[in-house]
Every structure is written in C-alpha cells, then in structure tokens.
Amino acid sequence: MTTTHTETTPVIPLPARAAAAATGLGALATAASAAMSWTWTSEFPGDLTYYGSPAGLQWLALAAGLLTLVLLLAGQGVPGLRWAAPARSNNAVLYAATGALAVAVYAVASISAELGGLANLEPGGWVLTAGGLIAVLGALGLPLDRRTAVPLRILDKRLFLLVPVAPAAWFGAHAIPEDKPVAPVMTALAGGLAIAAGAVLLLQLGHLANSGLRLGRIDRPLTAPRALPSWAEVLLIVLVFGLGLFAITFGIDTEYGELFTGYLLFVALAVPALAKSGLLARLRALTVKHRPVTTGAAFAAAASFPFTQTSDQYTSVATNILIFATVALGLNIVVGLAGLLDLGYVAFLGVGAYAAALVSGSPASPIHVQFPFWAAMLTGAVVSMVFGVLIGAPTLRLRGDYLAIVTLGFGEIFRITMLNLNGTTGPKVTNGSNGIPRIPDLQIFGFDLGNPHTVLGVELGRFSNYYLLMLLVTALVVLVFARVGNSRIGRAWVAIREDETAAEAMGINGFRLKLLAFALGALLAGLAGTVQAHVSYTVTPDQYTFAEALPPNSAFLLAAVILGGMGTISGPLAGATLLFLIPKKLEFLADYQLLAFGAALIVLMRVRPEGLIPNRRRQLEFHEAAVPAQATDEPTALTKAGA
C-alpha cells in the first residue's frame with residue numbers, strides 16, 4: 001500500500017504578509033517592464049527599444065505579471081477576484097510567478113546571446129529580471145501544498161560525463177580551421193554534446209527542485225460558485241473559447257523563433273497555474289453542463305481563425321496542423337483504443353492522397369478522369385480502408401513488437417512501390433519520384449477553393465478555404481472517434497489493449513475487432529489524404545516516410561498520440577499541434593533543430609509520461625502514488641476503483 005502525506009507550509013520561512021507583498025511587487029514590476037525599453041537596438045527580433053509600446057516578448061511579460069497578480073489577489077480573498085482561484089491554493093501563484101521568471105530569464109539570455117552581452121540591456125530588462133525573481137521568492141514564502149518527504153533521485157552517473165566532455169569538444173571543434181572538411185562534422189558533434197549535457201543537467205535540476213520544494217496536491221472542495229442564469233453561463237463559455245482562440249492565434253502567428261520559444265515557456269507554466277487554482281476544473285464542469293453549447297463554441301472559435309488573418313501565411317500552417325491532427329486522431333483508434341503499435345500508418349495517408357490525385361484530373365495522372373469533390377474523397381477513403389484490410393488480415397495475428405516491425409515494413413514497401421511505378425522499373429502509374437503534380441483545386445457547389453472568396457466582408461484566400469474544409473473533416477473524424485470509443489466496439493478495443501488473452505476468454509473476437517480498428521483508422525487517414533493532395537498540389541513518395549524533419553510521418557504521428565494522450569480526443573489534437581508547430585518555429589536553430597526538439601521531447605515525456613491530456617486510467621497507471629493526495633495525515637490506501 002502507498003500513502004501520501006501532505007502539509008501546507010512555505011518553502012522559505014517568511015511572514016505571510018511580507019511574502020504576499022513581495023509576490024505582488026514582483027508581479028507588478030514584471031508587468032510594468034513591458035512598458036519599458038529592454039534593449040537599445042532594434043536588431044533583436046521584435047524591436048524592444050520603445051517605451052509605452054509593448055512588442056514581442058514584452059506582451060508575454062505583461063501577461064505573466066498580470067496572471068500572477070490576479071491569482072495572488074484571488075488567493076488572498078480580494079472581493080471581485082475570488083472566482084479566479086476557487087481552490088485557494090498558493091501553488092497556482094508559484095507556477096504563474098515561475099512562468100514570469102522563465103520569460104524574463106529567456107528574454108535576457110536571448111538578448112545577451114544575440115547582441116553580445118548583458119551590456120545591451122536597457123532598464124526594462126533589469127526591471128523584468130528583478131521582478132520575476134522577487135515574485136518567485138515571494139511565492140516560495142506563501143503557504144504551499146507540499147508533500148512531507150520526497151527522496152532525491154540521481155540520474156545514471158555515467159550521463160554526467162557529458163558535462164565536462166561537452167565544453168572540451170566545443171573548444172576542440174573551434175580550434176579546427178574552418179577550411180578543413182572535418183570542421184562542420186566536429187562542430188555539429190560538439191553542439192549535440194552540448195545539448196545532451198544541458199538536457200542531463202536540466203533533468204537533474206528538476207529532480208533537485210522536486211526534492212527540495214516537495215510540491216504536492218491537497219484536494220479541497222471548491223468554493224460554491226455564484227448562481228448565474230443560463231444565458232450568462234453560455235456567454236461565459238463563449239468568452240473562454242474566444243480567449244482560447246486568441247491564445248492559439250498568438251502562438252501560430254509568432255513571426256520569429258525567439259517569441260515562439262518564450263510563448264511555449266509561458267504557456268507551459270500558465271496552464272498548470274490555472275489548473276492548480278481550480279479555475280479549469282470549474283470551467284470543465286460548466287462545459288459538461290452545457291455540452292452542446294461547448295461543442296458549438298469550439299467549432300465556431302476554430303472556424304473564426306481565418307477571419308483573424310490578413311494573409312494566408314499562417315492559415316497554411318493551420319491547415320497543415322488540421323491535416324496532421326486528423327491523421328493522428330485516426331491513429332489513436334489503432335494505438336490508443338485497440339493498443340496496436342503501427343509504425344507505418346503514414347502509408348494510409350499516402351494511399352488516400354495518391355488515390356485522390358489519380359482521379360483529380362491532373363495532367364500527369366495516367367487515369368484521365370476528374371471525379372467531383374465527394375467522389376474523390378470517397379475514393380481516397382475507401383481505397384485506404386481496403387489497403388488497411390489487406391495489410392491487416394495476414395498480420396494482425398501478430399502482437400507487440402512483431403506487429404510493429406511488420407507495419408514498419410508496410411510503410412517502406414508503400415514508399416518504394418510508389419517510387420518504382422514510374423514506367424521504367426514498373427508500370428507507369430505514379431511517375432516515380434516526380435509524383436503526381438499539378439493537382440487541380442477542389443470545386444464544391446460551384447466554389448473553386450483555389451480562388452479567394454469574400455465572406456462577411458473578409459477575403460478568404462486559398463488556404464483559408466481549405467482550412468474550413470479540413471475543419472469539417474476533422475469534426476467528422478472527432479464525431480466518429482467519440483461515437484466508436486463510447487460504443488460496445490470501443491469498450492472491446494480497450495479490453496484488447498489491456499489484456500488480449502483475457503478479452504478473448506470473455507468471448508471477444510480479438511482478430512475481427514483488431515481488423516476493424518485497422519480498417520477504420522486507415523479510412524480516416526485516407527480521408528485526410530484526399531484533402532492533403534489538393535492542398536499541396538503535388539503528391540510524391542518522399543512525403544510519406546517513417547521519419548523526417550517535418551511531419552506528417554509515422555514517427556511524428558505516433559509521437560503526437562503518445563505525447564497528447566492515448567485514448568482521448570483532445571490529446572492527439574493538442575499533441576499534433578505542438579509537434580507541427582515546434583519544428584517549424586525552431587528553424588532558427590538550423591542544424592541543431594531536431595536535436596533540440598528531441599531533447600525537449602525526452603524532458604517532456606520524463607515529466608509527464610501519461611501525455612498532456614490523459615484519461616483518468618492512464619494517469620493512475622503512471623502516478624498511482626500521487627493521485628489523489630490526502631488532505632490529512634491519516635494513511636489511506638490508493639486503489640484504481642472507478643478508473
């Protein structure tokens with residue numbers, strides 16, 4: 001049996017009033033720094049040289065400071081703000097203050113690195129740093145929910161050898177003349193060692209912080225919400241989704257990597273702060289109460305995105321995110337519900353794309369036909385489903401690693417086959433590596449999606465049109481996933497995932513249901529593939545590999561499902577969004593982009609292995625000892641009842 005003991009004590013022994021005052025002062029200084037100049041030159045991205053005109057990272061500092069201040073005042077019971085912290089936990093204030101400090105440290109470090117030292121900081125930069133530090137120190141003096149004891153974890157000692165090796169490799173690489181052929185290789189190797197050493201130190205620092213802070217959770221009943229009329233609750237839901245649309249739009253519209261990295265740091269700590277405050281739980285209860293309104297508001301907020309853009313620059317990114325997220329949700333049926341490890345799933349996306357391209361009317365297609373929109377989508381979906389059945393029928397009697405190897409082979413076989421159907425090494429069907437170019441735009445009810453259209457006074461470009469179409473496809477896939485997941489078939493898939501032998505002993509036909517999962521997942525991927533073919537104009541084999549620098553590919557799709565949260569709807573959508581945006585926004589790292597991305601994934605999965613938005617059962621499997629925490633010192637045995 002496992003017991004968890006918690007207490008409410010400060011990390012730094014300070015008088016409660018002094019701690020609250022310091023936290024508020026630090027939060028105000030952080031917010032006020034946004035109206036000051038951070039650097040003297042406009043060479044740093046965002047031009048942070050003006051007074052009274054926030055830009056770029058300064059908006060994040062303003063948001064972090066205000067969030068910390070609001071949560072602090074709400075936790076202190078200030079009338080009019082109590083709704084912001086119904087849980088009355090100061091842990092929320094600490095997370096928000098840490099977010100402010102993270103933005104401050106990153107901004108100062110970026111300015112120093114790009115401009116050549118701390119001498120480039122103006123008064124605003126110093127106020128920002130001091131404010132973030134004071135806010136965190138003050139928050140550590142507040143009464144926090146903490147565990148009574150957390151043992152210190154030490155990483156494998158051999159990993160720490162990277163720490164002295166990385167600087168030696170760095171200096172050695174820079175000692176080699178640039179005209180030597182080995183210089184680029186050694187520089188890349190030194191950079192990789194430096195990032196690996198940084199990841200090791202970051203993980204160990206996290207263990208040290210966890211052992212020292214001993215932050216925990218005490219389940220307190222939320223304060224009774226103020227009774228509101230139904231129309232006010234509906235209006236509140238609409239307002240929340242509007243704010244969510246603004247936050248997501250801000251992340252997608254970031255024009256340079258420094259701002260996006262700061263945005264990620266802020267969001268990574270602001271979301272836990274809102275969760276600890278109890279505000280997210282209250283909003284979740286509200287959305288459950290008004291589920292139809294929530295669904296409509298979510299769809300309306302997503303559909304409003306193109307109307308917030310002045311060009312197709314970022315709408316194209318959003319369109320590709322929806323394609324990637326839809327395919328990831330289809331894979332979630334195979335992996336998340338049925339527990340089948342598929343490493344070649346991107347091939348079904350390719351099958352749908354090629355099938356739609358062949359019947360699209362492209363001059364490069366050997367099949368000189370042009371199906372209407374609905375027929376092209378149906379063709380891609382059905383052909384993908386047929387391939388799913390043909391591949392699954394002889395292979396789904398395998399389990400575990402053996403099934404993964406077979407599906408990986410199928411993905412490579414598909415790519416190589418498409419390469420060889422070029423008229424030389426095989427029949428001329430796909431034009432080999434040249435693919436099928438010049439795919440015409442879709443026409444729906446007389447509207448050519450390739451041409452701009454004016455809707456409600458706003459001109460929607462080509463990618464905006466395809467974004468709205470892809471949003472409808474995503475909504476359809478979400479509906480299918482929700483209905484199937486809650487059905488008798490969905491429960492049978494979960495039983496097979498947990499223990500196939502036990503499920504078959506209870507009368508479940510494991511092979512037939514696994515084949516059904518494979519076919520349905522392939523159909524949904526093919527549906528997205530038909531839209532992708534028309535969005536990209538060209539379908540080539542190199543778009544459908546196991547691993548590549550940018551998604552979609554099988555490795556990224558599987559990572560999106562696992563990172564987001566297997567078996568859920570919102571998990572793969574969130575995971576796919578992050579996995580598409582992060583590599584694209586980290587292009588400023590050049591040769592170290594994938595290495596930094598991989599290190600970030602390792603740290604994230606180490607901190608939250610159950611995924612960003614897990615279901616209750618999976619969360620219990622990874623954190624059985626910590627969920628739920630106890631509010632008293634009485635030992636209570638944890639079970640998985642009701643999971």
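1. Aromatic pairs are the place to begin: in this predicted model, the structure holds nine of them. One is formed by Tyr 345 and Phe 348, whose ring centres lie 5.8 Å apart with the planes at 75°, so the pair is edge-to-face, given that planes over 60 degrees apart are classed that way. Tyr 345 has a relative accessibility of 1% and therefore counts as buried, and Phe 348, at 1% relative accessibility, counts as buried too.

2. Another edge-to-face pair is made by Tyr 354 and Phe 414, with 6.2 Å from centre to centre and 75° between the planes. Tyr 354 belongs to helix H12 (residues 346-358), while Phe 414 belongs to helix H14 (residues 400-420), so the pair ties together parts that are 60 residues apart in sequence. Tyr 354 is buried, its relative accessible area being 3%, and Phe 414 is likewise buried, with a relative accessible area of 7%.

3. A separate site to look at is Thr 568, which is found in the loop between helix H19 (554-564) and helix H20 (570-585). Is Thr 568 buried or exposed? Its relative accessible area is 11%, and Thr 568 is therefore buried, since the limit for that class is under 20%.

4. The side chain of Thr 568 has polar partners in the backbone. A polar atom of this side chain lies 2.8 Å from the backbone oxygen of Gly 565, and a polar atom of the side chain lies 3.3 Å from the backbone oxygen of Ile 613.

5. Which residues is Thr 568 in contact with, once its neighbours within four places in sequence are left aside? They are Leu 329, Asn 332, Phe 481, Ile 613, Pro 614 and Asn 615.

Technical notes: Residues numbered from 1 in each chain as written. Predicted model: local features only at pLDDT ≥ 70, side-chain atom pairs only at ≥ 80, totals over all residues. Heavy atoms only, no water. Phe/Tyr/Trp six-rings, centres within 6.5 Å; stacked < 30°, edge-to-face > 60°. Buried < 20%, exposed > 50% of the residue type's maximum accessible area, 1.4 Å probe, protein only. Helix = DSSP H or I, 4+ residues; strand = E, 2+ residues; numbered from the N terminus. Polar contact = N/O pair within 3.5 Å; in protein donor to acceptor, adjacent residues only side chain to side chain. Contact = heavy atoms within 4.5 Å.
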